[in-house]
Amino acid sequence: MIRISFGLFLLVILVIPNIAQAQNHEEDMLTEYMNEAMKKYQIPGASLGLVQNGKVVYQESFGKQSDGSPVTNKTLFSIGSISKPLTSLGILKLVEKGEIELEAPIDTYIKFDYGQSTNQYVIKVKQLLAHTSGISSLSGMEVADKNLRGSNALTEAVKELEPLKLVSKPGQLHQYSAANYLLLGKIIEEQSKVPFAEYMQEAVFKDLGMSDTVASYKSAIKLGYQPGFQSWFGKPVESNVWFDDGGAPYGYMASTLEDMLAFIRAVQYSDTLLSEPLNTLYTKPEVYRKENLYYGLGWRINKEKNEQYIFHGGETPDSRSEIFLHNTKDYAFVLLTNKNNFSEVMNTTNMKEGIREIIESEQISSLPEPNYQMQWITLFCTMVVTLLGIWNISRLYQKNLIFKKIWYIVAGLSILLGVFMNPLLVQLFQSPWHTINAYAPDTALLIKILIGVLVTYGLCSSIVISIKKEVVRTLKKGRTKIM
């Protein structure tokens, strides 16, 4: 008995301190990594939380909010598309109650025109969840990020979506689209008989203990929500408030580090999140994407052997977030940041991979350099076109003899290019102009300047040609009189 007691005593004094030391080392590495990443990517504020073996082992917040106050574990961040797994959970709660059937046509629950009266296609609820409805990504972007506010915002957004033309047969093709989750939000409202934000609060957030998670701008403001930062050539600039109540089901919920940790713990470690088979179905692959990647009911899923995990990223014009749940290695983490730009999409992805490496191998990898190529190319083109325009107009003004037709053609082409540049870019990037303006404000401003330069050059050239033409005509008349 004495030997056993002595053995246990040795275990306590030798093993447990080593475990604690290893844990502290991991925490120090994560803190060091976050500080380095935020400095390199010029991120003003961020929060990071880690769960291992069902316990929260790390939660730290860094930097500042747009009002200058420090970021804490209770600071609200817009979580972008991480809203989708929460909306999916809200739908499955209604399925659990027997109020919705996943295989039922959406026409059973809402009135929405997607051409079903003129073809044999019908969209099922499950297809909205898995983005296999036949609705295009572009259709979703056209109604997203409109900053609609109030209890009718979701209904307004759905009306803007109608009438909708499907680009593929439902169930045939995976196209990630905000419109799918917008319609799911409308289904929730119709079936629950309460606004979407209110339903989520009572049926999902409250049940998970997420007391500081909201799905409306009004509720976010009450909790002290601050807008994030948009990026201008990497520099953070305080944004106008981007919070679209109509977009809450697909991208405009707001949450805190503490609440998001509660969410990922519930998803990974709770068998009572939903009743079976819904609990398993919630994180199960639904449609194949590429390699080992699938999409489920609101989750991105990796099914590689020994690398089975679920994850999702999220972004709004002034925030980016990541959640990652590794089932085979028994850990999960959430990363929240308050800056964004199209050109910086890979920054949080790089950070996510670096965090994984620290957790899995206790190594800090070097961070890839940020890439602002899109902005610099646009700036270069704008400057070149501006200088060429000034030089050409000056040259044209000084010429005594000009080929009027050629110069008129050049001027006309310049005006046409300026007028049609906007729609051409929309087609090229398959993204509405308001989306480009929201997610890449620096590039959008340079494009506007470039358009202005092209049109101005064309008009000025035409004016100079007309003046020169009139001068030449006057001179000819004068010579004729003298003769």
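Strand E10 gives the largest share of the lining of the largest pocket, five residues. The model is predicted. The pocket has a volume of about 1,100 Å³, and the second largest pocket has about 340 Å³.

**Largest pocket**
- The lining counts 39 residues.
- Met141, Glu315, Phe342, Val345 and Tyr439 lie nearest the centre of this pocket.
- Elements giving two or more residues to the lining include strand E10 (307–316) and strand E11 (319–326).
- Helices on that list are H4 (137–143), H11 (345–361), H12 (373–398), H13 (404–429), H14 (433–439) and H15 (441–482).
- By class, the lining of the largest pocket holds 19 nonpolar, 13 polar and seven charged residues.

**Second largest pocket**
- This pocket is lined by 18 residues.
- Nearest its centre lie Val267, Asn279, Thr280, Thr283 and Asn327.
- At least two lining residues each come from helix H9 (257–269), helix H10 (278–282), strand E9 (300–304) and E10.
- The lining of the second largest pocket divides into seven nonpolar, eight polar and three charged residues.

**Asp67**
- Asp67 sits in the loop between strand E2 (55–63) and strand E3 (77–78).
- Asp67 counts as partly exposed because its relative accessibility is 44%, between the 20% and 50% cut-offs.
- Its side chain makes a polar contact with the side chain of Ser69, at 2.6 Å.
- Asp67 and Asp145 are 78 residues apart along the chain. Their C-alpha atoms are separated by 22 Å.

Terms used
Residues numbered from 1 in each chain as written. Predicted model: local features only at pLDDT ≥ 70, side-chain atom pairs only at ≥ 80, totals over all residues. Heavy atoms only, no water. Helix = DSSP H or I, 4+ residues; strand = E, 2+ residues; numbered from the N terminus. Buried < 20%, exposed > 50% of the residue type's maximum accessible area, 1.4 Å probe, protein only. Polar contact = N/O pair within 3.5 Å; in protein donor to acceptor, adjacent residues only side chain to side chain. 1 Å grid on protein atoms, 1.4 Å probe; cavity = no way out; pocket = protein on both sides within 12 Å on 5 of 7 lines; lining within 4 Å. Points joined across faces, edges and corners; volume = space filled by probe spheres on them. Nonpolar A, V, L, I, M, F, W, Y, C, P; charged D, E, K, R; others polar.
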